[in-house]
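Subject: Structure handover

Hello,

Here is the structure I promised you. Please open it and keep it beside this email as you read.

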Amino acid sequence: MKTETVAMILAGGQGSRLGKLTKQIAKPAVPFGGNYRIIDFALSNCANSGFNTVGVVTQYQPLILNNHVGDGSSWGLDRHNGEATILQPYSSMEGEKFFKGTAHAVYQNIDFIDQKNPDYVVILSGDHIYKMDYQKMLDYHKKQKASLTVGVMPVPWEEASRFGVMNTDKTDRIIEFQEKPENPKSNLASMGIYIFDWPTLKKYLVDNQAKNRQLTDFGHNVIPTYLRNNESIYAYSFEGYWKDVGTIESLWSANMEFLDPGHELDIRDRNWRVYSKNPNTTPQFLTSSAKVTDSMITDGCYIAGEINHSILSHNVKVGKNSVIKDSFIMPDVVIGENVTIEKAIIGESAHIHDGVEIIGTEDSIEVVGYDEEVGGYSDEN
């Protein structure tokens with residue numbers, strides 16, 4: 001059966017800039033906002049846009065991510081002739097096992113895409129926080145008769161060197177592209193969202209693989225090649241909240257912004273739901289000593305301390321006389337008594353013992369890693 005559009009979510013990145021938080025899990029599987037993991041936003045965008053055939057390309061530490069995505073049923077992707085498929089590296093005839101870049105990951109999964117016989121392939125990053133109707137971008141792509149359309153938005157000039165940036169003409173056709181330049185000529189940044197005509201992209205990838213295998217990355221290789229060959233490339237401007245949570249500071253600030261009732265990313269909007277696979281757990285319980293202000297407390301939490309302007313994910317335990325302020329606590333964390341946590345991110349399943357102080361600043365967020373133990377008696381004692 002023919003499918004007009006296949007979405008490919010690239011979710012294999014390590015996310016090394018997140019340090020301790022991604023030592024044991026892939027960046028797209030990192031928890032966010034109490035009830036979610038980062039990849040939930042791309043998956044929900046696909047579901048809400050009517051793109052029901054989704055390939056999730058994994059590589060680094062995929063176990064938690066694979067279990068979370070499953071068959072896509074939590075996002076409704078298992079209905080209406082759709083599916084979510086986990087795509088992992090495998091040994092090819094050329095002896096290649098691991099993906100060498102974003103474009104190479106798609107090349108390795110040509111057979112999966114061809115089974116669906118699409119006209120268009122949407123390439124998405126699995127590590128951004130945003131809501132976006134991809135169908136509107138596809139309509140624009142068709143209207144412009146483009147070979148490639150790139151989702152773009154302006155970023156602060158001081159951050160432009162972190163992104164692929166481009167210049168466009170008066171018709172929004174892209175005429176110049178720089179991937180993470182030291183001295184950017186523009187602050188119009190790629191969002192890592194691409195719509196390709198599949199037959200054209202497939203030809204480029206297959207022909208190049210047979211010749212010199214240089215088209216490994218969309219930003220570094222494919223877009224410059226399209227420009228040199230005068231392919232029709234257009235910029236699609238996005239207006240709304242979009243955040244690359246690739247650093248500790250950006251992940252922390254995105255969670256803190258999430259608490260703002262007037263936040264652009266309205267999680268309560270029933271017309272554009274953000275879905276997730278959440279565990280079955282008990283209701284939250286606040287003891288008589290608990291005090292909660294301007295915070296988000298999710299199911300399964302036990303609170304006996306003070307929580308101020310913070311997010312506590314499911315199954316977090318907080319002991320008496322402990323104070324948590326301006327912090328994001330991931331699932332299954334145990335926090336003892338008389339603990340102070342401020343401007344910090346506490347990783348999944350961490351254990352903070354009695355009397356510990358973890359205090360950061362907005363410029364230097366304190367981090368406790370996945371399953372890490374802080375305080376308590378050492379083995380020597």
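This is a predicted model: local features need pLDDT of at least 70, side-chain atom pairs count only at pLDDT 80 or more; totals for chains, interfaces and linings use all residues.

Start with the whole protein. It has eight helices and 29 strands. Along the principal axes, its C-alpha atoms fill a box of roughly 65 × 45 × 40 Å. How does the radius of gyration agree with that of a compact globule? A compact globule of 381 residues would have a value near 21 Å, and the protein has 22 Å, so the two agree.

Next, the packing. Of the 381 residues, 57% count as buried. Now take the contacts with a separation of 6 or more: residues 24 or more positions apart account for 56% of them. The protein exposes about 17,300 Å². Carbon and sulfur atoms supply 44% of that area.

Now the empty space. Rolling a probe the size of a water molecule over the atoms shows where such space is left.

The largest pocket comes to about 960 Å³. Its lining takes in 38 residues. Which of them lie nearest the centre of the pocket? They are Thr 102, Ser 125, Asp 127, Lys 180 and Asp 217. By type, the lining divides into 13 nonpolar, 16 polar and nine charged residues.

Which element gives the most? That is β11, with four residues.

There are also two cavities of 30 Å³ or more.

- The largest cavity holds about 70 Å³ of space. Phe 258, Asp 260, Pro 261, His 263, Leu 265, Asp 266, Ile 267, Arg 268 and Met 296 line it. Five of these lining residues are nonpolar, one is polar and three are charged.
- The second largest cavity holds about 30 Å³. Its lining is made of Leu 21, Ile 25, Pro 31, Met 330, Gly 347, Glu 348 and Tyr 370.

Find Thr 102 and Asp 217, two of the residues nearest the centre of the largest pocket. Then trace β11, which gives four residues to the lining.

Best wishes

Notes: Residues are numbered from 1 along each chain as its sequence is written. Side-chain values use heavy atoms; hydrogens and water are left out. On a 1 Å grid over the protein atoms alone, a cavity is a set of points where a 1.4 Å probe fits but cannot get out, and a pocket is an open set with protein on both sides within 12 Å along at least five of seven lines; lining residues have an atom within 4 Å of a point. Grid points are joined across faces, edges and corners, and a volume is the space filled by probe spheres set on the points. Ala, Val, Leu, Ile, Met, Phe, Trp, Tyr, Cys and Pro count as nonpolar, Asp, Glu, Lys and Arg as charged, and the others, Gly among them, as polar. Helices (H or I, at least four residues) and strands (E, at least two) are DSSP runs, numbered from the N terminus. The radius of gyration is taken over C-alpha atoms; the globule rule is 2.2 Å times the number of residues to the power 0.38. Buried means under 20% relative accessible area, exposed over 50%, partly exposed in between (1.4 Å probe, protein chains only). Contact means heavy atoms within 4.5 Å. Accessible areas come from the Shrake-Rupley method with a 1.4 Å probe; for residues, only the protein chains shown count as cover.
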